[in-house]
Amino acid sequence: MQFLTNINYDFLGKRKIAFVISGILILISIVSLILHGGPKYSIDFEGGSFLHVKFIDKADSLASVDVSINKVRESLADMGLGKSEIKHFGSNQEIGLRISEKNDSPDLAVNVISRLQESFPQNNIIEMSKDTVSAKVGKELVWIAIKAILISSIFILIYVMFRFQLRFSIGAVIALFHDIIITMGIFSVFNIEVSLPVIAALLTIVGYSLNDTIVVYDRIRENMKSLRKNISLQGLIENMNLSVNETLSRTIITSLTTLVVVLVLLVFGGEVLFGFSLALSIGILVGSYSSIFVASPVVLEIQKRKLGQDTAALKSKKR
């Protein structure tokens, strides 16, 4: 389906502006990660427990209950949990309590619920779930996540190199790291937790971004056949602009349809799916941008250097 026809936007002509924008976003992301001492890891990585409880009105079980976070914090202060992360979880009558491993204990959930029951006698306190991860397991998960992203990037480099050429694989991998760093940077800037679902979203972004990039690369390769061996810089720019314009409808349609579904998850999926859907939303937008303004321009810059070297070599032979 083509809803954009006979378009001829000069995307490659704006590559320097795009590089500056990407450079600024990456710099902000890296600075934020350094200042925060890395991403804000969830219990999945840091170790400890996450307790999810629900408050139900004793008089009317169907009535909405608005729980005061401050009152919850005050009631748990003498248990050493006053400075723990406590927030509404899904609705105002449910709370999530994040507890570090040093404050954790086998009877934690029972003690917390008992104390909350004393502080909120008008409510029934129900434990919805409790997740516990040791610090050792958390550290192992961090390295497993990093290895997964690095290994997938290496295989992508090899795959694209064999299917296309080395310069294309370099452009694809740079675009992938561009997407991941900016996504992680946004999470860091807004101090949002990175959990296992977020890592799953990052790996999904890798696949999504690569798919978008491969479509553009495939069209570039097809159109390059018309250039044959007489490849000039201007001819290459025209070819890449033509290829990006020809695949633009497909890129927009795919991104929009996927983004609509992910935004529905973001709005209605609740706290559990928030990090996952937010990471995917950012990744889809940044990935679509990078396939146009990062992946192809990087290939152009590499080819530009190669053409310069070839010209210099030809001049030296003539001398």
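In this predicted model, four strands form an open sheet in the order β2-β3-β1-β4, and their pairing is antiparallel. Its edges are formed by β2 (85–89) and β4 (123–133), each of which pairs on one side only. From one strand to the next, the twist averages 25°.

Within this sheet, strand β1, which spans residues 48–57, pairs with β3 in the antiparallel sense over 7 bridges. Helix α3, comprising residues 69–76, lies across β1, β2 and β3 and runs at about 140° to β2.

Strand β3 itself covers residues 91–100 and includes E94. Which side chain of opposite charge is nearest to E94? It is that of K54, at 4.5 Å. A salt bridge would require a side-chain nitrogen of Lys or Arg within 4 Å of a carboxyl oxygen of Asp or Glu. E94 accordingly has no salt bridge, although the residue is buried. Leaving aside residues up to four places away in sequence, the contacts of E94 are with H52, V53, K54, K87, H88 and F89. Of these contact partners, H52, V53 and K54 fall within the residue range 48–57 of β1, while K87, H88 and F89 fall within the range 85–89 of β2.

Attention may now pass to helix α6, formed by residues 166–189. Its 24 residues reach 34 Å from the first C-alpha to the last, close to the 34 Å expected at 1.5 Å a residue. Because 17 of the 24 residues of α6 are buried, this helix is largely enclosed by the rest of the structure. Just after α6, N191 adopts a positive phi of about 55°.

The protein as a whole contains 9 helices and 4 strands. Along the sequence, these elements follow the pattern α-α-β-α-β-β-α-β-α-α-α-α-α. Of the 319 residues, 43% count as buried. Where contacts link residues at least 6 apart in sequence, 78% of them join residues at least 24 apart.

Terms used. Residues are numbered from 1 along each chain as its sequence is written. This is a predicted model: local features need pLDDT of at least 70, side-chain atom pairs count only at pLDDT 80 or more; totals for chains, interfaces and linings use all residues. Side-chain values use heavy atoms; hydrogens and water are left out. Helices (H or I, at least four residues) and strands (E, at least two) are DSSP runs, numbered from the N terminus. Buried means under 20% relative accessible area, exposed over 50%, partly exposed in between (1.4 Å probe, protein chains only). Lys and Arg count as positive and Asp and Glu as negative; His and the chain ends are not counted. Contact means heavy atoms within 4.5 Å. Two strands pair if DSSP finds at least two bridges between them. Axes are lines fitted to C-alpha atoms, for helices over the stretch in contact, and angles run from 0 to 180 degrees between N-to-C directions. The expected span of a helix is 1.5 Å times one less than its number of residues.
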